[in-house]
Amino acid sequence: MREKELRLALICYGGISLAVYMHGITLELWKLAHASRAFHDGDPPSNGSEGVYHRLLARIEEESGVRLRVLLDIVAGASAGGINGVFLAHAVATGQPLAPLTQMWLDAADVDVLIDTASRPFSRASRLWATPIAWWAAGRPGGSVERTVEIDRQAEVRAKLTSFVRARWFRPPFSGEGFTRLLLDAFDLMMAAPAGPPLLPPGQPLDLFVTVTDFHGHPQRLRLHSPEEATETEHRLTIAFRDAGGARRGLASVPDLVFAARATASFPGAFPPFSVGELDAVLAARGQPWPARDAFLARTLPRHAAVGAVDRAVLIDGSVLVNAPFRPAIDALRDRPARREVDRRFIYIDPRPGSANERPAGDPALPGFFATLLGALSNIPREQPIRDNLEAIEARSGRIRRTRKIIEAIRPEVETAIEDLFGYTLFLDRPTPARLAAWRAKAQGAAAKAAGFAYASYGHLKLSNVVESAATLLSEIAAPGPPSPDAVRAAIWRHVRALGLTEPGALSAGGAIAPAVRFFRAHDVSFRIRRLRGVLNMLSPLEGTGECDPAAIQAVRDALYASLALYTERQRPEFLGAAMATAAARVLAEPGVALDALAEARGLKEVDERADAAVAASIGSLPRAARRATLLAYLGFPFYDIATLALLEDQGEQEFEAVKVDRISPDDATAIRGGGAAATLKGIQFGNFGAFFSRAYRENDYLWGRLHGADRLISIVVSALPDGATLPPGVVAALKREAFRAILAEERDRLTAVPDLFEALSREVG
């Protein structure tokens, strides 16, 4: 059975009260990941939409011969999306359920709960002076409530809007400490519910990124020609968490996660800015500890910690400057483990596509004073399109596609060169680990000579990549107190120059001098990773010929992925351990000692021997022609690498698959009802604050979130089928109907404020 992973990187936008809608979508994502884990562990399917996802995976295996596993291993979010991302990632890492949060969202995401007691209107005077404003906002004929709210909900919305408007002005109406307590309560609810195993397999890391805005900013140094250095103020912050996939799974302590969730959702004007003191006070009142507080703050706010000012940091909503945090998710593709074929998707949740500032077509009116001010200060920055992010993803995917085309174009010449080098020997058909090692060395030397002057540029590029990778890794793991990456890089280059590796002729048309060869053998992990991925890429064409037993091809694929995992894990800091962290701390004074310790910790020579043994053993069951083709790809890799390394830029240590981007939004989920957000969501009213004013609105948006999530996720999973494979006509539509009916049945008794919606949806689903 051919195995494949559908790896999801989730990007959650901000959306204010549409957070409730996003909770419905993330709940379906959790159910899909949970169903996938159960399917692969041989557990029986659950009820509800989770059971439908289980049956979908089984049907895909039955029809296509592909055993698909769905993994959610990267999550990035801002503002309301940041909160949902934190909860979802925590649930994936720990196996705790996400469903207990639903009732909290429905009950607590309300102005009457969120409003700060200090901002409530107490006196008759406050009621009197604010009454005209409240009447204008809530009750005037033709006003927003009358125009946009159903008749049977207008009284509820008017009452809450009146109280909201009459609250004390010139201070945020919602309580920061109250919000922090709600977040802590939410984690308590998750921990109190029965937990299952984590939703990721052992060794598979999970990365979480949450964007925050540093209100006062922190200094960032820039290198210039003249003057040599300048300073600018940086306001963007990204709080990163990682579950390395070890025996003890989990992203961080609960206070750490609450810090990130509260800070990213400090919506300007609604919530007060967040500070460390707020969380300290709430935890102290609850008698709840904050493990490793100082270490977390030093990592999260390094500039503030360096000057002893973490308590004075003022943090506001992450979507002010970075509402679509694609960049950290893209960077997280580095050093991902590889055990089987991967289909990488970036999925982003956009609850309201399009600009909130759009005017009707042909309307020439200029925006007024307040509309212009609000747009410049808030709406326009947070609603910048993601074109730049998508172009970066497409550029990466384009480089990968071009690299593969170049390899295919030069393959005949490379195979001829390898055959000329070794001849049609019996030994080439009967590889052993020792022979493979000798053949690899011989092919490496032949490739260097054949490359001529091109080898010098290739060799120096390889050297730079190895130094950069080592500098990044050593600066990250050094303890105590990580040194500056720039200082580590400079120290390693001093050592490299002392070895003579940068001297003229060290990396030349004749190949590399002996010290350079030893350096690459000790440290160049990326070359080994690229080599195995290159061989993996040629297995699918072999499979497509029909001349090989699919089981034999799968055995080779399994052996290559197992070997690849040995190399990729040696790129991860958590693999190296505490002893290596101590050695890394000496890198500035003794870079050679630190590099020797790194080489010993990785043990690449032993891994090379294991990889050679796995390749030699696995290809033995292939037919002669396929066995030779696999060996030619393995031994010919140095030729391909010299031709393509410059194209890859920093992709050598990343997943080597073109990334596809999928969106989940009301505009895309049309299996039940078209018309987008306007036809389905209620929280879009009052500048996306609408769901804070009505429980019926929250129930409506949460239910649509689940339905839209199921609709899009089934489509995304089906799109991971191999080229040419399809499900029988009508299967996908039938599975979607099953999922919709299951969600309606599950939620009907809980969502009592929207009975008419259930009746309408039952008719529309059929």
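**Exercise 1. A strand and its neighbours**

Task: Decide how enclosed strand β6 is, given that 9 of its 9 residues are buried.

Solution. Keep in mind that you are looking at a predicted model.

Step 1. Since 9 of the 9 residues of β6 are buried, the rest of the structure largely encloses this strand.

Step 2. Now look at the two faces of β6. Glu341, Asp343, Arg345, Ile347 and Ile349 point one way, while Val342, Arg344, Phe346 and Tyr348 point the other way, and all are buried.

Step 3. Next, find the partners. Strand β1 (residues 2-12) runs parallel to β6 and is joined to it by 9 bridges. Within this pairing, Glu5 stands opposite Val342 in β6.

Step 4. Strand β9 is also a partner: 5 bridges join it to β6, and the two run parallel. Here Ile349 has Ile664 in β9 as its bridge partner.

**Exercise 2. Pairs of rings**

Task: Classify the ring pair of Trp290 and Phe296, then that of Phe326 and Tyr348.

Solution. Two values are needed, as a pair of aromatic rings is described by the distance of the centres and the angle of the planes.

Step 1. The count of aromatic pairs in this model comes to 14. In the pair of Trp290 and Phe296, the centres are 6.2 Å apart and the planes make an angle of 50 degrees, so the pair is tilted.

Step 2. Check the surroundings. Trp290 has a relative accessible area of 10% and is buried; Phe296, at 3%, is buried too.

Step 3. For Phe326 and Tyr348, the centres lie 5.8 Å apart with 65 degrees between the planes. An angle over 60 degrees counts as edge-to-face, so that is the class of this pair.

Step 4. Phe326 belongs to helix α14 (residues 326-331) and Tyr348 to strand β6 (residues 341-349), so the pair ties together parts that are 22 residues apart in sequence. Phe326 is buried at 0% relative accessibility, and Tyr348 is buried at 11%.

Step 5. Finish with a group of rings: ring pairs link Phe241, Phe259, Phe274, Trp290 and Phe296 into a cluster.

**Exercise 3. A serine in a loop**

Task: Where is Ser665 found, and which side chains make polar contacts with its own side chain?

Solution. 

Step 1. Ser665 sits in the loop between β9 (660-664) and α30 (676-680).

Step 2. With a relative accessibility of 0%, Ser665 counts as buried.

Step 3. Its side chain makes a polar contact of 3.4 Å with the side chain of Arg663. A polar contact of 2.7 Å joins the side chains of Ser665 and Asp668.

Step 4. Leaving out residues up to four places away in sequence, Ser665 touches Tyr21, Asp350 and Pro353.

**Exercise 4. Checking a helix**

Task: What span should the 20 residues of helix α24 have at 1.5 Å a residue?

Solution. 

Step 1. The expected span is 1.5 Å times one less than the number of residues. For helix α24 (residues 550-569), this comes to 28 Å.

Step 2. Compare this with the model: the end C-alpha atoms of α24 are 28 Å apart, which agrees.

Step 3. How enclosed is α24? The rest of the structure largely encloses α24, because 14 of its 20 residues are buried.

Step 4. Look at the N-terminal end of α24. Asp549 caps this end, with a side-chain oxygen 3.1 Å from the backbone nitrogen of Ala551.

**Exercise 5. Positive phi**

Task: Are Ser79 and Ala292 buried or exposed, and what is the phi of Ser79 and of Ala292?

Solution. 

Step 1. Start from the general rule: most residues other than glycine have a negative phi.

Step 2. Ser79 has a positive phi, near 55 degrees, although it is not glycine. Ser79 is placed in the loop between β2 (66-78) and α3 (80-94), and at a relative accessible area of 5% it is buried.

Step 3. Ala292 has a positive phi as well, near 50 degrees. Ala292 lies in the loop between α11 (276-286) and α12, and it counts as exposed at 56% relative accessibility.

Key
Residues numbered from 1 in each chain as written. Predicted model: local features only at pLDDT ≥ 70, side-chain atom pairs only at ≥ 80, totals over all residues. Heavy atoms only, no water. Phe/Tyr/Trp six-rings, centres within 6.5 Å; stacked < 30°, edge-to-face > 60°. Buried < 20%, exposed > 50% of the residue type's maximum accessible area, 1.4 Å probe, protein only. Helix = DSSP H or I, 4+ residues; strand = E, 2+ residues; numbered from the N terminus. Polar contact = N/O pair within 3.5 Å; in protein donor to acceptor, adjacent residues only side chain to side chain. Contact = heavy atoms within 4.5 Å. Pairing = 2+ DSSP bridges.
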